[in-house]
Amino acid sequence: MNAQASAFSHIIQQLADNASFLWVLRGRQRGEPHVYPEHIAELDERIQANLDGLLLYGEEAWATAQANGEFPQGGEAFCLGYLAFSSEDVTKIQYATEFALQNDDTFKGLVSALAWLPGVEVHPWIKQFFHSKNLAHKRIALAACRVRKEDP
């Protein structure tokens with residue numbers, strides 16, 4: 001691996017780690033009495049900046065997010081879900097969905113990614129999840145609607 005590729009790899013890893021960590025931090029701070037809405041808004045901007053950076057790296061970012069999934073946690077599911085649904089790649093969406101069904105934290109991460117993304121990108125998938133015969137998919141769709149504050 002040359003120096004430039006190594007530098008890009010490091011940047012992508014840092015973006016993925018930051019987005020995952022900041023998502024977890026946001027979840028913990030949201031209910032704290034000393035945290036004001038402007039603090040959450042600042043975190044949201046930082047999360048979005050890292051996600052935007054990941055989107056610039058395409059397949060390399062996806063590979064990094066998959067590798068980070070070695071430890072199934074909510075932040076990693078959030079990143080995977082965001083990248084998968086942003087890509088509109090069915091294979092990636094299936095992977096992120098299966099990853100999310102491993103535990104409660106990963107489930108919350110995927111649902112949060114569905115809430116984070118614009119409705120135009122996720123509404124067709126939420127609709128498909130509702131029409132699925134798999135009850136876990138229906139649960140994802142219902143949770144996404146709840147977090148998005150939308151009527152299923």
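Biologist: Where is Asn-68 placed?
Modeller: In this predicted model, Asn-68 belongs to helix H3, which covers residues 58-68.

Biologist: Is Asn-68 buried or exposed?
Modeller: Asn-68 has a relative accessible area of 16%. Buried means under 20%, so Asn-68 is buried.

Biologist: And which residues does Asn-68 touch, leaving out those up to four places away in sequence?
Modeller: Asn-68 touches Gln-13, Ala-16, Asp-17 and Glu-76. With Gln-13 there is also a polar contact of 2.9 Å between the side chains.

Biologist: Turning to cysteines, how many disulfides are there?
Modeller: The count is 0 disulfides. Cys-79 is buried at 2% relative accessibility, and Cys-145 is buried at 5%.

Biologist: What about aromatic pairs: how many does the structure hold?
Modeller: There are 6 aromatic pairs. One of them joins Phe-8 and Tyr-57, with ring centres 5.9 Å apart and planes at 55 degrees, so this pair is tilted. Phe-8 lies in helix H1 (residues 3-29) and Tyr-57 in the loop between helix H2 (37-56) and H3, so the pair links distant parts of the chain, 49 residues apart.

Biologist: Why is the pair of Trp-23 and Phe-78 called stacked?
Modeller: Their planes are at 15 degrees, and planes under 30 degrees apart count as stacked. The ring centres are 5.6 Å apart. Trp-23 is in helix H1 and Phe-78 in helix H4 (residues 74-87). Ring pairs link Trp-23 and Phe-78 with Trp-116 into a cluster.

Definitions and conventions. Residues are numbered from 1 along each chain as its sequence is written. This is a predicted model: local features need pLDDT of at least 70, side-chain atom pairs count only at pLDDT 80 or more; totals for chains, interfaces and linings use all residues. Side-chain values use heavy atoms; hydrogens and water are left out. Helices (H or I, at least four residues) and strands (E, at least two) are DSSP runs, numbered from the N terminus. Buried means under 20% relative accessible area, exposed over 50%, partly exposed in between (1.4 Å probe, protein chains only). A polar contact is a pair of N or O atoms within 3.5 Å; within protein, one must be able to donate a hydrogen and the other to accept it, and residues adjacent in sequence count only if both atoms are side-chain atoms. Contact means heavy atoms within 4.5 Å. A disulfide is a pair of cysteine sulfur atoms within 2.5 Å. Rings of Phe, Tyr and Trp (its six-membered ring) pair if their centres lie within 6.5 Å; planes under 30 degrees apart count as stacked, over 60 as edge-to-face and the rest as tilted.
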